[in-house]
Each structure stands twice: as structure tokens, then as C-alpha cells.
Amino acid sequence: MINLNTLTAFPADSLETASDHALQQRLGLYRVFLKLYEHNRELLDEILNLENSGNKSLTGVALPYVQGLVLGDRVHLVTNLLKGATQSLSQPQNIWTIGRDSRRVVLPIQDKRLSRCHAAIVYDEGGFRLVDLNSSNGSYLNGELIRHSVRLKDGDRIRLGSLTFSFFVCNTAQVLPPVSEELLSQVRALSAASEPKRAIAHPTAPSASQPSPLSASPIQPAFSSPLTKNWEESVSESDSETCLQSPEDALPAQVNPLEDTLMFMRSSH
């Protein structure tokens, strides 16, 4: 195991003669961390704890944020701290509490370095404030530990436990002029072009070369036999005597040549 005291006492000119530049950088970092640990051990422990704990509940959230939105007499907090989904949250008393205990706070975050009821964002006549609720690990604004409460402004960085997020404020709203007709047509055309086209099936009428199934002629046998002729004559006589026919009876009969041949052979014996 490397002795950090030995590395600290290692002469700098000896490091310059080392051929491995990466080794020089590592030795320099060891010296920095050793000095930091000797003079400010609590800060180094805080950094290591934040690195080890991590906030798994916000994994995949690119930019955790909270935005205070004031429109007339309505006040909302817009945030993506809850499961990474952006939501607009209103509270009757304009007090939004943050902590681990979902039964006591309105913004529950699963972070073991957060207290059960860690801090609150409050809106009053002067604007938004961050209030620390006597948390165990404290609340930080732009890297500084706060005492009790502090006024928030647009772009502040807040750290509660191992949870770090940006705070934004929106106090005004304006109505923008309409888009020109030329640009509006271009936007609509490009939007329509990006949408997938759906194929619409149109019924097609049968052409002259493709007769309708109802008008198709019956299948004729491959050869003619006396039995076939007798059968055709009997069908003609019965059709002339019948006045009313059902749609099924009006359809031409289908003749099976194989059955016709078998019947003829049986009758000849």
C-alpha cells in the first residue's frame, strides 16, 4: 500500500525526471487530497458521501429543476423532481415541503441523506423563499449553508442532502404577435409532411375483362355424355315450368365432371 506521507515528502525534482506523465498527475492528486483531508476533513467526507450515496430516484433526469410560476393571483411550482415527470403543483398555503416522508411532505424524494421533513419552498408577498426545517444535513444555496431561510432568485442552485436542482422564477407573461401567413403556411406544410401517410383503400368496380361472380358462366364438363344431355334437358324443362325462383336457385348450377362420368359408367352396366 502506498504511504501518502512518503509521497508528500517525495522531492518535486524527482517527479520531473519520471517518464510517466500520468504518474506525476496521480501523485499530485494524492498530495492535494492529503492536504485537504488534514485541514478540512469534514468537507472531504461530505464529498465522498455525496459520491457514494447518489440519488437513484432521479436517475435519467437531465436537469432536475423547480420553477416558481406566478400568474396573477395564482402561484404554482413546476418541477420534474417527482419521478422525472414535469408537473405543475399548486398548494393552498403556498408552502411546498420537501423530504423523505411522503405522509408529511408534498414533494417526497427517496434520498437517505434527506430528513423526513427537510426543507420548504414558501411564497409570500416578497417572492419565493427556501426554509430549512432543522434538517440533519442542512440546506445549501449556491454552495453556502443557509440558516433558517433565504430569499430565492432566478437561477439559484439548491442542494438538499444529495439532491441538487436549479430554481427558476417566472413572474411575468406576455402575449406575442401572430405569425405571418407565409411562415404559418411553411410550418403547416412541414408539419403535415412529417406525419406518416395512411393508405386509404378505395373499392374498385370490376372491369369488362373481369366479369362479376354472379354473371360468370357455369363450369362446363370436359366432355359431353348422354347423361349430361339428359340432365341439361331436364333442367330446361323444370325451369320453364317454374315462375318464382329464389336467388340461390337463380344461380347457375355447378357440374362436377368426375361425378358425371361415374354416373354414366354405372348406368351403362
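Hello everyone, let's start at lysine 112, which sits in the loop between strand 5 (107-108) and strand 6 (119-124). Strands here are DSSP runs of E with at least two residues, helices are runs of H or I with at least four, and both are numbered from the N terminus. This is a predicted model, where local features need pLDDT of at least 70, side-chain atom pairs count only at pLDDT 80 or more, and totals for chains, interfaces and linings use all residues. Residues are numbered from 1 along each chain as its sequence is written, and side-chain values use heavy atoms, with hydrogens and water left out.

Is lysine 112 buried or exposed? With a relative accessible area of 68%, lysine 112 is exposed; that word means over 50%, while buried means under 20% and partly exposed lies in between, using a 1.4 Å probe and protein chains only. From lysine 112 to arginine 100 is 7.7 Å, C-alpha to C-alpha, although they are 12 residues apart in sequence.

Two strands count as paired if DSSP finds at least two bridges between them. Strand 4 (residues 95-99) runs antiparallel to strand 6, over 4 bridges, and tryptophan 96 stands opposite isoleucine 121 in strand 6.

There is also an open sheet of 7 strands, again with mixed pairing, in the order 3-2-1-12-11-8-9. Strand 3 (87-89) and strand 9 (144-145) are the edges here. Strand 8 (residues 139-141) pairs with strand 9 in the antiparallel sense over 2 bridges, and tyrosine 140 has leucine 145 as its bridge partner.

How many salt bridges does a search of the whole structure find? It finds 3, counting a side-chain nitrogen of Lys or Arg within 4 Å of a carboxyl oxygen of Asp or Glu. One joins aspartate 124 and arginine 151 at 3.0 Å, N to O. That pair links distant parts of the chain, 27 residues apart, with aspartate 124 in strand 6 and arginine 151 in strand 10.

Another joins arginine 103 to aspartate 101, with their closest N and O atoms 3.4 Å apart. Arginine 103 is exposed at 75%, whereas aspartate 101 is buried at 11%.

Finally, lysine 153 meets aspartate 156 at 3.1 Å, N to O. Lysine 153 is exposed at 51%, while aspartate 156 is buried at 2%.
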